[in-house]
2 protein chains.
Amino acid sequence: MAALPDFADTGAVAAWVRTTPGPDRAAAAVTTAREATLTKPAGALGRLEGLSAWLAAWQGRVPPRAERIHVAVFAGNHGVVAEGVSPFPAAVTAQMVANFAAGGAAINQICRSVGATLSVHALADLRPSANMTAGPALAPAELMAAMRAGAAAVPADADLLCLGEMGIGNTTAAAALCLGRFGGRAEDWTGPGTGLDAAGVARKAVVVARAVAANRGAGGDGLALLAAFGGHELAAIAGAVVQARHVRVPVLLDGFACTAAAAALTALDPAALAHCQAGHASAEPGHRRLLERLGMAPLLALDMRLGEASGALLAAALVKAAAACHAGMATFAKAGVSSRAGST
Amino acid sequence: MAALPDFADTGAVAAWVRTTPGPDRAAAAVTTAREATLTKPAGALGRLEGLSAWLAAWQGRVPPRAERIHVAVFAGNHGVVAEGVSPFPAAVTAQMVANFAAGGAAINQICRSVGATLSVHALADLRPSANMTAGPALAPAELMAAMRAGAAAVPADADLLCLGEMGIGNTTAAAALCLGRFGGRAEDWTGPGTGLDAAGVARKAVVVARAVAANRGAGGDGLALLAAFGGHELAAIAGAVVQARHVRVPVLLDGFACTAAAAALTALDPAALAHCQAGHASAEPGHRRLLERLGMAPLLALDMRLGEASGALLAAALVKAAAACHAGMATFAKAGVSSRAGST
């Protein structure tokens, strides 16, 4: 397992983000070549065939495997909730962490249904971040602690990692991350979250714009972006994304907040998310815009907007099936199936 | 279990198609009401919430269940293959049936991955149907035998049925079914199937047009449509769709050939597919057009074009998760989670 960096040294952490391993192109090529020999018309499994090659490239394993699926959910609170950006009170973050522990949340049921392990990480004992409309949400030491916690949550023996979050107020943080990283108007990135009405969304966009104005200069640096707007749980997601790459565990991202956290890393390395797939496109409007900016094609589009890795884990069921087909299917030669008219 | 009709009596079979039970609206209403009490923002599971209500309506069960998933694959041969409509020889149908039995096909792997049982039904001992360019593909007794076999393949204790097919030449039959049922141009419904080039697709469209011309008058009657163009395995799929409705087993349809077979039933009952969902939109271009005509929104769109229920079964994993969330999630009240600001 790749050693973690010294999280007291911001430069070492930035280098850790920038020096992740690339794809195993040989493993991907072997996988693609095998696909053509399996008992189906060429390309007939569509996107599943590409998923097998992607798994092989980032696991560095032939055949790739997607049996051990781990879900890591990161929870955190946000000082910006004081600005009235969510219809739910901040107390819900802790209540939902208790619900995860008791097995009562959606992600618990989907873990059982798909067959996945779950870990839930309450960051900073759920103390809120600072209100980002007055400056950075996280102090440097808080940012590093959160990224370290995210990195430590990655099981090196997982075949696939699904990332999710829980944090009242974090679609506001995500919108600020996107506005800080990619620009545009605050309205482009601001949506109803857990259920704001149109007037509430308009007020939220003003808060997002104020947060970005209060943190000018953060846009060009992924770590500064995460400190400015992150929230503890979003910084943890970024740490998990980087560590998963180092230990060769491909990642499925969930919704808007999760993807925005991961996107901050692209300010340090444009290819930082090459080992990630977008599990789904959520109903939060900023998410589709963000996926387009990242060039990521979501696997599912079911109008979900829950977070907690629910969309990522449903997509993991597809990846699991893709790997099962790739590893388990007979070849034309072995099964005695004619591959095309005139050939056998 | 609902008794099967007398398959020697075409009128009785038509009545069996027309007199299927409707939805259990009370079960659906109870399910929708419970969704609003579960620990997530209202509507946050998106399409999954609708799937739970759909399951409840057609199972007549509260809470609905999607644990016992059965996959029925129907195989048949087509006389129209003599017209050169497929790059694969007809012998592949039998070879793939053997591959299913040996566990080497994609559907075998996906059954293991998702957790489903599989039955494979080789219709008419894989004797080909008649060449539909010269008149009906199936004699009346053949049609009835195939529909009976399809009906008999439905396990009444399944929670969910995935339907698929294997039959070299059957995207040609499906295109003729669609042209006969919905009209338009042969080119609208004709695609590459297992891998024809553009010239091959153009030749195939001519064959489709000839088949429809040779079977004028079949369009207004679902049974006549299936006899004219069906192929044994497509008639079996239609029989399975009807029987599943009678025994309250919701259905996931697979790709173009499977959906075209089911669509023939809408000529007898416009609501014949209300207990069915489109598992996916395949890469075969006629499939999306057909789903639009039927008003069905596919659950997945992964550019698959394999048949054998592979897309339907991947969608079943989503339905299984939807039912698991519905039945297993805690309510706001039970979990002590605040539902909105100011309320608990």
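These legends accompany several close-up views of a predicted model.

**View 1. How chain B and chain A are related.** Let's begin with the two copies together. Two copies of a chain are related by a rotation about an axis and a shift along it.

**View 2. The interface between chain B and chain A.** Now take a look at where the copies touch. Chain B gives 51 residues to the contact, and chain A gives 51 residues. Because 100% of the interface residues of chain B are also interface residues in chain A, the copies meet through the same surface. The size of an interface is often given as the accessible area lost when the parts come together. For chain B and chain A this buried area is about 4200 Å², with 64% of it on carbon and sulfur atoms. As for polar links, 14 residue pairs are in polar contact across the interface, both residues having pLDDT 80 or more. Salt bridges between chain B and chain A, on the other hand, number zero.

**View 3. Salt bridges in chain A.** Side chains of opposite charge can pair when their charged atoms come close. Over all chains, the structure holds 16 salt bridges. One of the salt bridges joins A:Lys40 to A:Glu49, with the closest N and O atoms 3.0 Å apart. A:Lys40 counts as buried because its relative accessibility is 3%, and A:Glu49, at 14%, also counts as buried. A second pair to look for is A:Asp188 with A:Arg185, where the closest N and O atoms are 2.9 Å apart. A:Asp188 has 17% relative accessibility and so counts as buried, whereas A:Arg185, at 52%, counts as exposed.

**View 4. A salt bridge in chain B.** Here the side chain of B:Arg68 meets that of B:Asp157, at 3.2 Å from N to O.

**View 5. An aromatic pair in chain B.** A pair of aromatic rings is described by the distance of the centres and the angle of the planes. The count over all chains is four aromatic pairs. Among them is the edge-to-face pair of B:Phe7 and B:Trp16, with 5.5 Å centre to centre and 80° between the planes. Both B:Phe7 and B:Trp16 are buried.

**View 6. A charge over a ring in chain B.** To finish, find the ring of B:Trp189: the charged end of B:Arg289 sits over this ring, 6.0 Å from its centre.

How values were computed: Residues numbered from 1 in each chain as written. Chains lettered and ligands numbered in written order. Predicted model: local features only at pLDDT ≥ 70, side-chain atom pairs only at ≥ 80, totals over all residues. Heavy atoms only, no water. Phe/Tyr/Trp six-rings, centres within 6.5 Å; stacked < 30°, edge-to-face > 60°. Buried < 20%, exposed > 50% of the residue type's maximum accessible area, 1.4 Å probe, protein only. Lys NZ or Arg CZ within 6 Å of the ring centre and 35° of its normal. Contact = heavy atoms within 4.5 Å. Buried area = accessible area lost by both parts, 1.4 Å probe. Salt bridge = Lys/Arg side-chain N within 4 Å of Asp/Glu carboxyl O. Polar contact = N/O pair within 3.5 Å; in protein donor to acceptor, adjacent residues only side chain to side chain.
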